[in-house]
Amino acid sequence: MSSNKIRWSSWLPLVPALALLAGILLVPLGKTFVRSVSNPDLTLANYEHLFTDGVTMTVLGRTALTAATVTIAALLLGYPYAYLMTRVSARTRGILLVVVLIPFWTSVMARNFAWIIILQDGGPVQSAFEAVGIDDVVLYGTTAGVTIAMTQVMLPFMVLPLFSTLGAIDRKLLLAARGLGSSPTAAFWKVFWPLSRGGVMAGVMLVFTLSLGFYVTPALLGSPQQSLVAQLLAQRTTLLLDFAAAGALGMVVLVITLVLVVWANRVGGTVSAIGVVATSQPKDR
Amino acid sequence: MSSPARTRRRPDTVDPIPWWLKVVGGLVIAFFILPTLFVIPMSFSSATTFQFPPPGFSWRLYENFFTNPVWLDSLGNSFLVASLTAVLATTVGTAAAVALSRLDGRAARFVRTLLMVPIVSPAIVVAVAVYISFLGWRLTGTVTGYVLAHTAIAVPYVLVSVTGALGGFDQRLLKASASLGASPLTSFVRVTLPLISRGVLTGGIFAFIVSFDEVVIALFLRSPLFQTMPVQMYNSVTVEIDPTISAASSLMVVAVTIIFILPLLLRGRAGSRQEPRP
Amino acid sequence: MTRQTTVEVTGSPRETKRGTEIRLEGVTKDYGLAAPAVDDISLTIEPGEFMTLLGPSGSGKTTTLNLIAGFETLTAGTISLDGADVSDVPPHRRNLGMLFQNYALFPHMTIAQNVAYPLRQRKVGKQEIARKVAEVLELVQLTGRDDTHPSKLSGGQQQRVALARAIVFEPKALLLDEPLGALDRNLRSALQTEIRRIHREVGSTFVFVTHDQEEAMNLADRIALFNNGRIEQVGTPQQLYAEPETLFTARFLGDSNVFELGQADLGGAVAWEGESWGVDPATVAAHPGVGKGSAIVVRPEDVEVAAGRDAVPVGANAVRAAVRDVEYMGSYRTLLLTIGDRGLFGRARVSALRGDYAIGDDVVVWWRPRAQRIVAA
């Protein structure tokens, strides 16, 4: 048996995929990294600048804050929704699941354009607020507007891992708790909520991580004065053509993201964060 | 049913779904669906701005979309890039998935994770890295550049989809095929491929949509001579204030919905086959 | 009838009457399907009684238990505990202990936390909780495992913890929903003994649901046999076995030879395939009497086997049969028989020492009229 030969030939079909990945992603990322640490000598100046230029840290902070707001909003909306999904009939559950996937189905540009129409000055949201006597609600061109639009597209990433965790919780445990003297509310907080924490963690990590990289939504719905890190990165690349500085910032964003993804994958337990992302279709990251 | 005299009004279950939960559910459903629905009335607007509600009914935006060469070219470009991407990504991704299904151990797991990296990396970082490299390689603004970049981010979708289909594939069938005299390649074509065809098809559709709808990398690779439809849509809201985008958006929403429903229908029709859902 | 006054008047310690009376009147649960899951059931479970709800799956026994627990709402009827109507009381205020088939232990809590749970819900003091938890864990023989998580325990141990959790708060009654269904045979019988012991020590009312007739006979003071959402018969295990009212009861508990009757009462005798058999009036079930629509049931251990008619004693009921197969069961042998002209399937139990029957032998089987039972078919 020429087992060695068999082993090598069985790796062969992977070559095109790996070559593509290397050529399109790994090599460019590597070159970007090299450029960011050479000037042309080895230097960390580009990374130091990120901390001292007075802009990057502010933008990173704003990005983290926006991502956190999106995460909390998605959890507050997504948890009840996922819970509802575990309670309804199989048929209704199917409908609710299809609805969750709608933001994935909707083209990125169509969705963001829709939000422009809805949030614009004189648009339906503003009119609705004026109708109830609240004037001057400005959402278009603000971080609040960006947050609303991002929450919509991030909700599925909260709902799907939560649904898989909540659906796996044995409802007999809730009956047991009721039988042992707990009111429905107490049974929820003492039994259901602790058992759902894995899914909550997975959803929170996933939404927060993916929210960090949004570009199109803040670029279209936000304002340049309130830019998020992706806009800053784009600006330094295409407008300032400062590839070294952009590379350093890109590396920071990438490393933060990958670390969070690995962590999310770990805390998610049975819920594979990557799997959830991959089986659904992420947009505008 | 029992007589009213014997029946007392009681809830059907001890633990009914609270009303407020249904309200929250309804709100979330509205949040999911409504924004998209705004696009469709807008596409029949007679206004030359993004004014909502539309002042009047008109086919003008659709007329403009289908007569204006800028829009038509971008649509054609998108179709070209997405089709080539779908073919390339499906081939490469299926080969990788089949190979990985027969390998295990640390190295195989590492490779699998590595191939998923494009999906979890922020699109903007990928776009910047690709842009900087492609500038040097003179690939920006070329079909090759678009297809290569889009294929790199589409392969993971094919990988996941085909791996799912392979989950229900009995590797013993290949041994049976070999014992009956088939070469590995024949076995793949005559046995493996037919059994995972739905996973491959789904992966291909995913790859097509990923490319067709991709905007961040496309924004960096665009040139005045070659740009895709999402980029043209981006321009129409940032530079031109061209309401034709509502017609384009409506068409995109309808097209993507149809493409997405297609695999569901295929799945339903061929439901008797023993394959797990991708 | 009320327990409270009885206790006060007699002034006796609580032990004399610790259980709770559970009374079901016209209890109905209708999910809107073809037939109600539970159809107009009335049953009184005495204080301190070990009542088993027995029946095939889908017969309504588990639904009835859930109705008592409050996990299902009544479509009609009332349920009262010691005379107090609890029909509309939510489960957490009924104060009933419940044991589930899959244990339903909280996986995120330790053994001690699980057992302490109902006490915490009742705002019992910390020291009292610690004392009671230790006490009840000793009762179920699980001392020293306090800080273990349920997943680290075997199935039998998990069920002991669930039992401890269900009785630690001194519930009015303990409801057990096929608690041993997931365990293997040996463990089952060990836990049956355990549950009987705990019932004796705690003295409260137990309502035990099972589909296993042996388990029911082994455990219960009384059995309520369920069939199609109704109670077929209530009685002690012995009553149900020896004096079944219906063919369903006779067939569900133990093996039977069943001779369906097609003719009316012939005045102290019945006819079956040309045989004329004597009837002992004491063996006729109250409903519907002898005749068309009734059947004669004879247990295999009451059937004797003879070589020919002349060996049958006078006054015995006899019929010819052929030996189809012989099963050696260790302490006895079972003859599988084809009886009469149409080859009715039957069984007879003979001594293990009788190894002289061969397949194909023609025999005559007989029994005394008082050993048979005439039931509704």
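Which domains does the domain assignment of chain C give? It gives domain 1, covering 3–242, and domain 2, covering 254–376, the bounds coming from an automatic or database domain assignment.

## Basis of the model

This is a predicted model, in which local features need pLDDT of at least 70 and side-chain atom pairs count only at pLDDT 80 or more, while totals for chains, interfaces and linings use all residues. Residues are numbered from 1 along each chain as its sequence is written, and chains are lettered from A and ligands numbered from 1 in the order in which they are written.

## Chain C: overall layout

The C-alpha centres of domain 1 of chain C and domain 2 of chain C are 40 Å apart, and the C-alpha trace of chain C spans about 80 × 45 × 45 Å along its principal axes. Chain C contains nine helices and 20 strands, where helices (H or I, at least four residues) and strands (E, at least two) are DSSP runs numbered from the N terminus. Of its 377 residues, 41% count as buried; a residue is buried if 20 or more other C-beta atoms, placed from the backbone, lie within 10 Å of its own, exposed if 12 or fewer, and partly exposed in between. Among contacts in chain C between residues at least 6 apart in sequence, 68% join residues at least 24 apart, a contact being a pair of residues whose C-beta atoms, placed from the backbone, lie within 7 Å.

An unreviewed UniProt entry annotates residues 22–253 of chain C as "domain: ABC transporter"; UniProt positions are given in the numbering used here, feature names are shortened, and annotations may be inferred rather than shown by experiment. Over residues 22–253 of chain C the chain is 36% helix and 24% strand, with its end C-alpha atoms 25 Å apart.

## Chain C: individual residues

C:Asn257 belongs to strand 11 (residues 257–260) of chain C, and it counts as buried because it has 24 C-beta neighbours inside 10 Å. Leaving aside residues up to four places away in sequence, C:Asn257 touches C:Val298, C:Pro300, C:Val303, C:Gly346 and C:Arg347. The C-alpha atoms of C:Asn257 and C:Gln372 are separated by 9.6 Å, although these residues are 115 residues apart along the chain.

Most residues other than glycine have a negative phi. C:Tyr103, however, has a positive phi near 70°; C:Tyr103 sits in the loop between strand 6 (97–99) and helix 3 of chain C and counts as buried, with 24 C-beta neighbours inside 10 Å. C:Glu170 also has a positive phi, near 45°, and is found in the loop between helix 5 (155–167) and strand 7 (173–177) of chain C, where C:Glu170 is partly exposed, with 13 other C-beta atoms within 10 Å.

## Chain A

Chain A has 15 helices and zero strands, and 52% of its 285 residues count as buried. Residues 24 or more positions apart account for 75% of the contacts in chain A with a separation of 6 or more.

For chain A, UniProt lists "domain: ABC transmembrane type-1" (unreviewed entry) at residues 60–264, a stretch that is 80% helix and 0% strand, with end C-alpha atoms 20 Å apart. The feature "transmembrane region", likewise from an unreviewed UniProt entry, is placed at residues 60–82, 94–118, 138–163, 199–222 and 243–264 of chain A. Residues 60–82 of chain A are 100% helix and 0% strand, and their end C-alpha atoms lie 31 Å apart; over residues 138–163 of chain A the chain is 81% helix and 0% strand, with end C-alpha atoms 34 Å apart.

## Helix 6 of chain B

Helix 6 (residues 143–167) of chain B has 25 residues, which at 1.5 Å a residue should span 36 Å, and its end C-alpha atoms are 35 Å apart, in agreement; the expected span is 1.5 Å times one less than the number of residues. Helix 6 of chain B bends by about 35° at B:Ile153, and the proline B:Pro156 follows within four residues, the bend being the angle between axes fitted to the seven residues ending at a residue and the seven starting there. Because 22 of its 25 residues are buried, helix 6 of chain B is largely enclosed by the rest of the structure.

## Contacts with chain A

In the contact between chains B and A, 69 residues of chain B meet 66 residues of chain A. Helix 1 (residues 19–42) of chain B gives the most to the side of chain B that touches chain A, with 13 residues. That side has 58 nonpolar, eight polar and three charged residues, where Ala, Val, Leu, Ile, Met, Phe, Trp, Tyr, Cys and Pro count as nonpolar, Asp, Glu, Lys and Arg as charged, and the others, Gly among them, as polar.

The contact between chains C and A takes 18 residues from chain C and 15 residues from chain A. Helix 3 (residues 111–121) of chain C supplies the largest share of the side of chain C that touches chain A, three residues, and by class that side has 12 nonpolar, four polar and two charged residues.

Technical notes
Contact = placed C-beta atoms within 7 Å.
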